[in-house]
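Colleague: I am new to this structure, and I would like to go through the terms used for it one by one. Could you set each value beside its definition as we go?

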Amino acid sequence: MLSGLMRRRLMRRRYWMLGLTASALLTGAVAAAPAGGYASMVAAAMDRMMAGMMVKPSGNVDRDFVTMMLPHHQGAIDMAVAELRYGHNEQLKRIAQEIIIDQQQEIAAMKLAIGQPLPPSTPAPTQGGDHHSPMEH
């Protein structure tokens with residue numbers, strides 16, 4: 001079960017990400033990014049996240065919750081990686097690093113809570129050349 005602090009942090013980050021995305025769309029920042037760059041990374045992350053969250057209820061509320069939340073958290077990681085690659089604001093880049101760490105920890109905690117094994121360790125998503133989500137299968 002998530003503590004009150006974790007719940008508040010999740011909500012704060014969720015609203016921050018929504019606000020950042022809305023702000024970027026309103027100012028044209030996403031549309032102005034070069035094709036294949038930030039805009040396409042974020043669009044791909046959003047598409048994967050939204051598709052992954054469309055879960056047919058299984059009757060097991062806990063498992064369904066985790067099944068929906070895993071792509072949501074991975075989407076936040078993927079968007080944070082896009083910020084690290086293309087962003088210029090050092091404060092936002094530090095926040096993006098925190099998001100990656102926090103979301104990875106929460107993914108692990110949720111998997112453990114329902115008895116799923118953790119995936120093998122892999123390099124941080126900011127290392128190596130592949131920016132695709134490990135959730136894409």
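Modeller: Let us begin with a pair of helices: the axes of helix α3 (residues 38-53) and helix α4 (residues 61-86) come within 8 Å and cross at roughly 175°. This is a predicted model, in which local features need pLDDT of at least 70, side-chain atom pairs count only at pLDDT 80 or more, and totals for chains, interfaces and linings use all residues. Residues are numbered from 1 along each chain as its sequence is written, and side-chain values use heavy atoms, with hydrogens and water left out.

Colleague: What makes α3 roughly antiparallel to α4?

Modeller: The axes are lines fitted to C-alpha atoms, for helices over the stretch in contact, and the angles run from 0 to 180 degrees between N-to-C directions. Angles under 35 degrees count as roughly parallel, over 145 as roughly antiparallel, 65 to 115 as roughly perpendicular and the rest as oblique. The crossing of α3 and α4 is roughly 175°, and therefore α3 is roughly antiparallel to α4.

Colleague: Which residues of α3 and α4 meet?

Modeller: Contact means heavy atoms within 4.5 Å. On the α3 side the residues include Tyr38, Met41, Met46 and Met53, and on the α4 side they include Thr67, Pro71, His72 and Tyr86. By class, this contact of α3 with α4 divides into 13 nonpolar, four polar and four charged residues, where Ala, Val, Leu, Ile, Met, Phe, Trp, Tyr, Cys and Pro count as nonpolar, Asp, Glu, Lys and Arg as charged, and the others, Gly among them, as polar.

Colleague: Why is Met46 called partly exposed?

Modeller: Buried means under 20% relative accessible area, exposed means over 50%, and partly exposed lies in between (1.4 Å probe, protein chains only). Met46, which is found in helix α3, has a relative accessible area of 29%, and so Met46 is partly exposed. Met46 and His72 are 26 residues apart in sequence and 8.9 Å apart in space, C-alpha to C-alpha.

Colleague: How do you know that α4 is roughly antiparallel to α5?

Modeller: The axes of α4 and helix α5 (residues 90-113) come within 9 Å and cross at roughly 160°. With that angle set against the cut-off already given, α4 is therefore roughly antiparallel to α5. The crossing of α4 and α5 is also left-handed, a term used if the near helix is turned anticlockwise from the far one by less than a right angle, with right-handed used if clockwise. The contact of α4 with α5 has 15 nonpolar, five polar and four charged residues.

Colleague: Is Phe65 buried or partly exposed, and what about Ile107, buried or exposed?

Modeller: Phe65, in helix α4, has 39% relative accessibility and so counts as partly exposed. Ile107, in helix α5, has 12% relative accessibility and so counts as buried. Leaving aside its neighbours within four places in sequence, Ile107 is in contact with Leu70, His73, Gln74 and Ile77. Phe65 and Met110 are 45 residues apart in sequence and 9.2 Å apart in space, C-alpha to C-alpha.

Colleague: How many helices and strands are there in the protein chain?

Modeller: There are five helices and zero strands in the protein chain, where helices (H or I, at least four residues) and strands (E, at least two) are DSSP runs, numbered from the N terminus. Of the 137 residues of the protein chain, 32% count as buried.
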